[in-house]
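Hello,

Here is the structure for you to look over. My notes on what turned up follow below.

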Amino acid sequence: MSQLSYSLYQAAGFKGQLADLTNNDVASYSAETAVPFAAAVMLGTDKEKQVLTATTAAAAIGFAIATHTVEQTSAGVAQYAATETVNVLKRGRVWVETEDAVVAGAVANLKISRGKLTAEAVAAA
């Protein structure tokens with residue numbers, strides 16, 4: 001179906017989008033399970049080849065970055081399916097959801113229970 005309407009102004013960015021083209025360290029892995037865009041990921045069962053959504057902040061190795069090769073579902077969810085190649089940003093800047101205001105230079109903590117970054121202290125898991 002063709003697009004019938006569009007917004008005059010686009011959003012500044014979307015989850016999983018690279019923020020800029022500065023030095024980025026991106027590695028490719030196979031998704032062990034479905035992995036949403038911008039999700040923190042950890043190494044999977046095969047630690048050399050697989051990733052899955054992180055279950056602890058300490059295990060996170062990076063964030064799943066978005067790709068235009070994946071269609072979002074009718075519910076608006078954009079994610080890599082199991083066995084698809086996931087691009088993982090290990091160092092660089094990416095658009096992610098936050099729980100509170102982002103302050104340049106401040107520490108951002110990963111709140112696994114919500115899958116978002118926050119300025120508040122988070123208990124180590």
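Start with the fold. The predicted model holds a closed barrel of 5 strands in the order β1-β4-β3-β5-β7, with mixed pairing. From one strand to the next, the twist averages 55°. Angles run from 0 to 180 degrees between N-to-C directions, with axes as lines fitted to C-alpha atoms. Strands here are DSSP runs of E, at least two residues, numbered from the N terminus. Two strands pair if DSSP finds at least two bridges between them.

Two notes on reading the model. Residues are numbered from 1 along each chain as its sequence is written. Local features need pLDDT of at least 70 and side-chain atom pairs count only at pLDDT 80 or more, while totals for chains, interfaces and linings use all residues; side-chain values use heavy atoms, with hydrogens and water left out.

Now the pairings. β1 and β7 are antiparallel and share 6 bridges. There, S28 stands opposite N87 in β7. β1 also runs parallel to β4 (residues 50–53), joined by 2 bridges. A31 faces V51 in β4. β3 (residues 40–43) and β5 (residues 62–64) are antiparallel, with 2 bridges. A40 has F63 of β5 as its bridge partner.

Next, the core. The largest nonpolar core has 13 residues. Such a core is a set of buried Ala, Val, Leu, Ile, Met, Phe, Trp, Tyr and Cys residues joined through side-chain atoms within 4.5 Å; buried means under 20% relative accessible area with a 1.4 Å probe, protein chains only. V35, V41, V51, A64, Y80, V86 and V88 touch the most other members. β1 (25–31) and β7 (85–91) are the elements that give two or more residues to this core. β1 gives the most, with 3 residues.

Last, the pockets. A pocket is an open set of points on a 1 Å grid where a 1.4 Å probe fits, with protein on both sides within 12 Å along at least five of seven lines; lining residues have an atom within 4 Å of a point. Volume is the space filled by probe spheres set on the points.

- The largest pocket has about 630 Å³ of space. It is lined by 30 residues, with K15, P36, F37, A38 and A78 nearest its centre. The lining has 17 nonpolar, 8 polar and 5 charged residues.
- The second largest pocket has about 470 Å³. It is lined by 20 residues, and V96, V102, A106, A108 and L117 are closest to its centre. Its lining has 14 nonpolar, 4 polar and 2 charged residues.

In these counts, Ala, Val, Leu, Ile, Met, Phe, Trp, Tyr, Cys and Pro are nonpolar, Asp, Glu, Lys and Arg are charged, and the others, Gly among them, are polar.

Best wishes

Methods
Helices (H or I, at least four residues) and strands (E, at least two) are DSSP runs, numbered from the N terminus. Buried means under 20% relative accessible area, exposed over 50%, partly exposed in between (1.4 Å probe, protein chains only).
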